[in-house]
Structures are given as structure tokens and as C-alpha cells.
Amino acid sequence: MKEKDHRLGDYFKRYKQQIMWSVFLMTHDYHLSEDVCQDAFISLWKNLNRVPAEKVGRWLFRVSERVCIDYARKGGKYKMVFKEEISDELAFDAEADPCSILIAKEEKEEKELVLERLRREKPLWYEALMLHYDEHMTDREIAKIMGVKASLIGKWRERTVKWLTKAYEEEDQKGDRS
């Protein structure tokens with residue numbers, strides 16, 4: 001197998017879930033997310049020798065975002081929503097306690113709701129947060145991409161932490177009332 005094949009396989013293992021999740025948040029369509037992810041990796045295959053290794057993740061996110069925009073322009077809005085019942089992290093374990101699996105699933109759903117709410121209400125904060133934690137980018141790098149000052153990125157992150165804390169508390173209180 002060629003070195004290029006190994007690199008693509010490594011990048012696929014490393015970034016597939018993140019790209020799928022990112023695209024799913026934009027489209028709310030699991031099958032479309034698969035198509036967009038596939039298109040992004042095909043594009044990476046064609047450009048692998050030109051994309052620096054340290055920028056592959058960011059490159060894939062940008063390409064998948066552009067592909068989503070193209071799909072939306074061509075086909076309108078997508079309505080279908082698919083959610084896995086149990087994520088990869090909660091994969092079936094014969095010795096696992098069913099209660100702990102259910103609790104973990106509920107906690108995961110709660111986190112997804114809060115992050116989705118952040119994405120809707122504060123899209124710039126959400127993007128800055130994802131770039132920082134998922135892509136391990138510095139405030140300067142994020143600021144350059146987003147066209148704002150680096151000091152603003154730090155402030156957004158501080159405010160996001162406070163916002164998330166409050167939102168998680170609200171979700172927890174809703175859960176207690178149910």
C-alpha cells in the first residue's frame with residue numbers, strides 16, 4: 001500500500017466522526033452527512049500532497065462546510081433527522097449495568113441539546129469553541145479565520161463557559177421536573 005493510502009486512512013480514522021458530526025449539525029440529515037463526508041475525503045485524496053499534515057483537520061472542516069453550502073443551494077433545506085440510539089462510546093457490553101447505560105445515554109442527549117442550543121443562539125461562540133477544543137487552535141489562529149481580534153476569542157470562550165454552565169443547570173432542572 002502506498003504512503004498516500006496510509007495517510008488517508010489515518011486521517012479518515014482521526015477525523016471522520018468529527019466531520020460527520022459537524023455536517024450533521026448543519027444539515028440534520030444523517031445520509032447527507034455521509035455523502036458530504038465522503039466528498040470531503042475524496043477531495044482530500046486529490047489534494048493530499050498539497051495539504052500540510054498539521055492543517056488537514058481544518059481543511060476537511062472547511063471543505064465539508066463548502067460542500068454543505070453547495071448541497072443546500074442545489075437542493076434546498078433538508079428535514080430528515082437521524083440519531084443513533086446508543087453512541088460508539090456507549091457500545092453494548094454484556095457485563096454493563098443497563099441503568100448506567102441509560103444514564104450515560106441521557107447525559108449524552110442532554111449535552112447534545114445544550115451544544116445545539118449554543119450553536120443556534122451563539123453561532124460565533126460555538127465555532128470558536130469547536131475550533132479551540134476540537135482543532136486545538138490558538139486564539140490567534142481562530143481570530144484570523146473568523147476575522148476578529150484574538151482577545152475577543154478569549155472573551156467568547158470565557159462567556160461560553162458561563163453560558164454552558166447556566167444552560168446545563170437549566171437542562172438538569174428540566175430533567176428533575178420530568
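Author: Let's start with N47, which is buried, with a relative accessible area of 18%; buried means under 20% relative accessible area, exposed over 50%, and partly exposed in between, using a 1.4 Å probe and protein chains only. N47 lies in helix α2. Helices here are DSSP runs (H or I, at least four residues), strands are E runs of at least two, and both are numbered from the N terminus. The side chain of N47 reaches the backbone oxygen of S43 at 2.8 Å.

A word on what you're looking at: this is a predicted model, where local features need pLDDT of at least 70, side-chain atom pairs count only at pLDDT 80 or more, and totals for chains, interfaces and linings use all residues. Residues are numbered from 1 along each chain as its sequence is written, and side-chain values use heavy atoms, with hydrogens and water left out.

Take F41: leaving aside neighbours within four places in sequence, F41 is in contact (heavy atoms within 4.5 Å) with L8, Y11, F12, Y15, K16 and L60.

M146 takes us to helix α6 (residues 139–146), where I142, A143 and M146 are buried. Seen down the axis of α6, those buried residues fall within an arc of 100°, so they line one face of the helix; the arc is that of the directions from the helix axis to the C-beta atoms. The face turned away from this buried side carries the exposed R140 and K144. After α6 comes G147, with a positive phi near 75°.

How far can you trust it? The chain averages a pLDDT of 77, and 78% of the residues score at least 70; pLDDT is the predictor's confidence in each residue, from 0 to 100. Over residues 77–96 the pLDDT is below 50, though this stretch has 24 contacts in the model beyond near neighbours in sequence. Where pLDDT is low, the predicted coordinates should not be read in detail.

Notes. Polar contact = N/O pair within 3.5 Å; in protein donor to acceptor, adjacent residues only side chain to side chain.
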